[in-house]
Amino acid sequence: MLSYKAIYVITLREFKRFYRQKGRLVVTMARPLIWLFIVGSGFTRLIDTGAGVHYIQFILPGIVGMTILFSSIFSTISVVWDREFGFLREMLVAPVSRVTIVFGKLLSGTALSTAQGAALLIIAPFLGLGIGLDGFLITVFLMFLVALAITAFGLFIASFLASLEGFNVIMNFIVLPMFFLSGALYPVGTLPVWIRVFAYINPLCFGVDSFKHILLPGEGRLVAEFPLMVDIAFVGAFAALFTFLSALVFERRK
Amino acid sequence: MPIIQVKDLVKRYNGLEAVRGVSFDVEEGEVFGFLGPNGAGKTTTINILCTLLNFDSGTAVVNGHDCRKAPDRVRSSIGLVFQEVTLDNELTAYENLKFHCYMYNMEKKVAEERIDEILAVVNLSERKGDLVKKFSGGMKRRLEIARGLLHRPKVLFLDEPTLGLDPQTRSHVWEFIKGLKKSEGNTVFMTTHYMDEAEACDRIAIIDNGKIIACERPDELKRAIKGDTIYIKTSDDEKARAEIEKKFGLKPKPVETGLALTVEAGDKFIPKLFERLTSEILSVNLKKPSLEDVFINLTGRAIRDYGPNARPRV
């Protein structure tokens with residue numbers, strides 16, 4: 001049912017496209033650094049975190065999450081893009097199942113996001129967060145899971161959208177709330193209950209929390225809020241659900 | 001057994017019938033043309049045969065596989081060139097072709113060989129490593145046709161292969177399609193609304209309003225409609241006119257350049273004319289009826305009277 005060659009070549013194509021769009025590469029690397037060093041430095045002076053964690057250290061897991069969020073959502077735009085420019089038909093007429101195409105897009109988006117998250121993680125020691133090789137590897141695994149969940153979610157939405165304008169509108173309404181309700185900039189526990197509800201259905205919230213387990217071990221106000229197993233279970237279930245749903249939607253659409 | 005068999009095909013969009021009971025067969029090795037105005041149901045039919053679209057009733061069989069029951073097998077047997085460009089501009093010619101090979105589950109070695117081979121056929125070997133966005137419209141078309149042939153399909157579907165190309169590129173692409181039939185022996189199924197392209201097909205089906213109104217060889221279609229017109233100029237047109245009337249029982253019409261007469265097979269009639277006419281013939285001109293005439297005769301409208309339609313979406 002799955003054609004591995006097809007999944008491989010769909011993934012290869014996305015990597016080549018990513019690499020060739022130099023602008024995208026620059027934005028991808030610059031955005032998290034702007035957040036960390038401009039927003040982060042600003043608030044570090046302002047906010048007395050009390051415990052041993054500095055604000056700039058506190059937002060690193062969130063900025064890693066943000067990088068994955070933007071990258072994963074942006075990669076699913078390629079489905080809309082391919083439809084608009086006709087390339088999707090070249091894939092649909094090939095003798096591979098629709099699920100193969102979904103898996104190809106899913107894998108490429110997930111791998112690209114994970115790679116970007118991992119690249120960002122290199123600055124952790126410079127912020128005074130020594131995580132060691134084992135911590136790095138565990139975080140990469142957690143990032144992969146989060147990237148998978150968000151890419152699958154993006155793919156599900158993108159499969160309904162016929163134009164790039166529609167994509168931009170919808171995604172802005174989804175991406176920004178997801179980021180602000182992820183615990184990236186402030187603990188979600190401090191939010192009013194009616195807003196907190198939305199954080200509790202946000203996969204990025206649990207994703208960022210799982211990164212905090214590794215990057216911000218210890219005690220205090222600004223550490224992980226849920227047990228690690230809950231984080232992994234929620235993100236994993238979310239990834240599985242939306243992988244299934246986007247495969248279903250792709251299969252049905254003719 | 002015909003390589004494409006279509007019987008009583010019906011496709012409705014929101015209750016409106018876009019294809020209304022179409023039946024035809026295409027033999028292996030044929031260049032089969034689907035001629036009709038925009039919105040006649042050409043692209044709908046092609047999308048059904050390529051398994052991109054479901055249909056409401058009837059049967060469609062390609063290379064022995066049912067389009068509804070075994071779409072994967074049908075897709076393995078066909079190559080498809082769409083109306084609009086479906087290449088990835090950000091990839092090179094080679095990368096676009098490699099993508100296709102892997103989607104069709106080819107071994108790496110076979111893929112490399114075929115890519116080199118097919119690029120030579122379409123005269124793009126030297127542009128192998130160039131990004132497609134730097135290609136001209138004609139080059140993109142050639143690359144797309146090459147891509148459609150990479151997996152050696154039994155049937156190549158071409159949906160308006162020369163749409164939007166300049167006349168020179170059009171004839172270049174068309175020469176290539178004709179050469180294909182000779183060298184590879186592919187069956188070619190194409191849609192067009194250009195009359196001259198339709199005339200180069202082995203057989204054409206004329207489709208209008210979702211129905212096939214004629215399906216014949218182009219010359220037979222034309223013969224069935226009306227005869228050829230012969231224009232002659234002689235040393236004494238008045239005398240020649242009387243002679244033709246008496247000897248052949250025809251009624252030549254005096255025109256600006258001499259005389260015009262309508263006969264069934266003009267090419268065979270001209271020698272007889274030379275043989276039996278006593279006045280000296282200064283010039284002869286034979287005009288075969290065009291498919292445009294055929295189309296007007298069948299539908300009562302010229303094909304160019306139709307407005308353009310929207311581009312299909314998946």
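This is a short tour of a predicted model, one selection at a time.

**Stop 1: the core.** Start by selecting A:V146, A:A149 and B:F157, the residues with the most contacts inside the largest nonpolar core, which has 145 residues. Next, colour helix α3 of chain A, residues 55-84: this helix gives the most to that core, with 15 residues. Apart from this core lies another one, of five residues; B:I230, B:I232, B:A240 and B:I244 are among them.

**Stop 2: around B:F157.** Now go back to B:F157 and hide its neighbours within four places in sequence. Which residues is B:F157 in contact with then? You will find B:I46, B:L49 and B:C50, then the run B:I78, B:G79, B:L80 and B:V81, and also B:F189.

**Stop 3: a sheet in chain B.** Select strands β2, β1, β4 and β5 of chain B, and you have an open sheet in that order, with antiparallel pairing. Look at β2 (16-26) and β5 (65-66): each has a single partner strand, so one side of each is left without a neighbour in the sheet. Further in, five bridges join β1 (residues 4-13) to β4 (residues 57-62) of chain B. To see one of these pairings, pick B:V6 and its bridge partner in β4(B), B:A60.

**Stop 4: where the chains meet.** Finally, show both chains: 23 residues of chain A are in contact with 23 residues of chain B. On the chain A side, α1 (4-20) and α4 (87-92) are the elements that give two or more residues, and α1(A) gives the most, with eight. Coloured by class, this side of chain A shows twelve nonpolar, two polar and nine charged residues.

How values were computed. Residues are numbered from 1 along each chain as its sequence is written. Chains are lettered from A and ligands numbered from 1 in the order in which they are written. This is a predicted model: local features need pLDDT of at least 70, side-chain atom pairs count only at pLDDT 80 or more; totals for chains, interfaces and linings use all residues. A nonpolar core is a set of buried Ala, Val, Leu, Ile, Met, Phe, Trp, Tyr and Cys residues joined through C-beta atoms within 7 Å. A residue is buried if 20 or more other C-beta atoms lie within 10 Å of its own, exposed if 12 or fewer, and partly exposed in between; C-beta atoms are placed from the backbone. Helices (H or I, at least four residues) and strands (E, at least two) are DSSP runs, numbered from the N terminus. Two residues are in contact if their C-beta atoms, placed from the backbone, lie within 7 Å. Two strands pair if DSSP finds at least two bridges between them. Ala, Val, Leu, Ile, Met, Phe, Trp, Tyr, Cys and Pro count as nonpolar, Asp, Glu, Lys and Arg as charged, and the others, Gly among them, as polar.
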